[in-house]
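Below are some short notes on the model, in the order in which I would read them. Please keep the structure open alongside.

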Amino acid sequence: MNNVLKKKRANKSSLPFFLKSSFKVSFIIILISLILLITTFTFDAVPPILNRGIQPATFPKALLVLIIFLTSVVFYLSIKTPWKKESKLPKSFFITLMAFILFLVIAKTLDFFLAIAVFSALVSYYWGEKRIIYLLIVSILFPIIVFIFFETFLGLRFPPGIITNIYYN
Amino acid sequence: MENLSYMLAPLFSSKLLIVLFFGTLFGLILGVLPGLGPTTGGALILPFTMTLDPLSAIVLLTAIYCAGTYGGAITAILINTPGTPAAAATCLDGYPLAQKGEAGRALGMATVSSTIGGIFSVIILVFFAPLLAKLAYEFGQPEYFALAIFGLTMLASIGEGSPVKNLIAAAFGILISTVGKDFMTSIDRFTYGINELSEGIGFIPVVVGLFAISEMLTQSTMLDQVFKRVALKAVKLPSLKDYKLTWKTILRSSGIGSFIGVLPAEGGTVASLIGYSEAKRWSKTPEEFGKGSIEGIAGAEAANNAATGGAMVPTLALGIPGSATTAVILTGLIIHGVRPGPELFREQPEFLYGIFGSMLIANILFFIFGFFGAKLFARITLVPNKILWPMIFALSVCGTYSLSQSITDVWIMLFFGVVGFFMRRYGFSVVPVIIGLILGELVEGTLRQSLVIFDGNWLMFLTRPIALTFFTLAIIALLFPLFKKKKITKLKKN
């Protein structure tokens, strides 16, 4: 009896259930699935006279219900297993993520090639490459080779931008 | 006899031989680099295959598949890090043996057993794929639906990680395939008014995002990781004593690998684990396992390479991918206008047997490359991540953009990169998403067409014997993890 009480106290002293990763993950999946499920009700329906088989929304609806059900099972099973403390993500991860966003912004507003060059230089630098020559190889030389290769062999035309316009003109 | 001549045709085609040469070389490089591998590499190379004819394109992809699977062993033995997940079991004995100063012997055994496993599985492919294709003539829409469901449940149950999480990932993959215009009614689904989404979400942005970009994010969390490479003088062919000790293990693991490969799941990884554990179970010296047993290396390597041919059986005969890499190969086939299935066997035998023959040659080629060039390939692991991954990013972005020249595809790729990273972090495998995505259209299409045939009566599925068999097998597959749990715990303890 004492052991049971001790266990209960130990569980109480640990993090509350809503801060545990399994709960957070299950909660996010279910939330997104619910939003998508609601969206399926906005899909156009085929008039009954033309409808053959099931409506276009039925299949995604069934999938989303299945995902919600299975996620609930995952959460239920995770309660039974001992909880491991989640490791924190390092700064380098967030810098890489920020570099993705920067890539998107530059590619959308300025230039696709410039976006790749800036991204490559930034990531390579923050991952530990401080030698200028290697940074230039990664951010300028290699993307140029890739661009020329794709253009020559695949006949690819890259989206317009300040650098690509100069190249194409 | 005619088929044999088709199989030998690549030997007399200088173009195919060049493609095979570069495919094997590229596959080895991809296999050696931890975090890359044949799936990501295949997806990255897919846009380039558009410059080739269909046979050359598929030969290139299959050569990458065969050589990439073997290449993982080089890193597993020399730096104790599997180049591909399928080489994880090779680390257990490969690295300890290398530490004893026998890296050359370990690599020699890995090369020989991988080659034998690979060739064995191609023979299985040559005999079984046409038989399976013949059987598929009996299949109608309900049977294909049941088969796809069976494939997905198998993927969940014998794939890596939690079966329930695998099922969620597979359902997520199928859900992605529903984005865009409904193929039967042209009604928009999940497009949110974005025109680019009307055509649906392409396979390449998702696969490159889930594999390459998510791996880049994973690498960003491990920057302080240092690899210690064991010195390698030269690769040695196994001695007569080694052959006597391992020939039964190699044959057994080749059989296991081919069988596991046929089942739709991440075949190579599971096959190598089972091949390894069976090698230990049958060994006269099981206490040597984990300390540098040559039998352990042979068991794992023969099995994971045997899974390559096995996985091609359902891919070519039914259009159901046997692994993540074969899903990429299947996409390659579709992009080049080749529809896998029984009709392909009847109408284009020269194409199919050309692939079989090329796989056979690829296995021999990686033996030669591995034997003479392992030392050189091992040096590739010295390329630092801070140089390698920005380059892979540039290739991923350009490759993804090139297929439909759509910048939206690049956004989709990055989105799935982030999704894939968090999926892996929280124990969800990304492989079922890929298989789900590629099977999605088949699952929904056959279900809806079956319901049209059955006039909306779901119970009619149970009146079709083949469909009923697949559904029963699917239920067994779902129950299988309950029995598997004990076995896995035992394997992990070992």
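1. In chain A, 56% of the contacts between residues at least 6 apart in sequence join residues at least 24 apart. The model is predicted, and the percentage is a computed value for this chain.

2. As to secondary structure, chain A has seven helices and zero strands. Read from the N terminus on, its elements run α-α-α-α-α-α-α. Of its 169 residues, 24% count as buried.

3. Between the two chains, 45 residues of chain A are in contact with 42 residues of chain B. On the side of chain A that touches chain B, at least two residues each come from helix H2 (21-40), helix H3 (58-80), helix H4 (91-109), helix H5 (112-126) and helix H6 (132-154). H3(A) provides the largest share of that side, with nine residues. By residue class, the side of chain A that touches chain B splits into 32 nonpolar, nine polar and four charged residues.

4. In chain B, one residue deserves a separate entry: B:Leu473, which belongs to helix H18 (residues 465-493).

5. Is B:Leu473 buried, exposed or partly exposed? B:Leu473 has 17 other C-beta atoms within 10 Å. A buried residue needs 20 or more and an exposed one has 12 or fewer, so B:Leu473 is classed as partly exposed.

Technical notes
Residues are numbered from 1 along each chain as its sequence is written. Chains are lettered from A and ligands numbered from 1 in the order in which they are written. This is a predicted model: local features need pLDDT of at least 70, side-chain atom pairs count only at pLDDT 80 or more; totals for chains, interfaces and linings use all residues. Two residues are in contact if their C-beta atoms, placed from the backbone, lie within 7 Å. Helices (H or I, at least four residues) and strands (E, at least two) are DSSP runs, numbered from the N terminus. Ala, Val, Leu, Ile, Met, Phe, Trp, Tyr, Cys and Pro count as nonpolar, Asp, Glu, Lys and Arg as charged, and the others, Gly among them, as polar.
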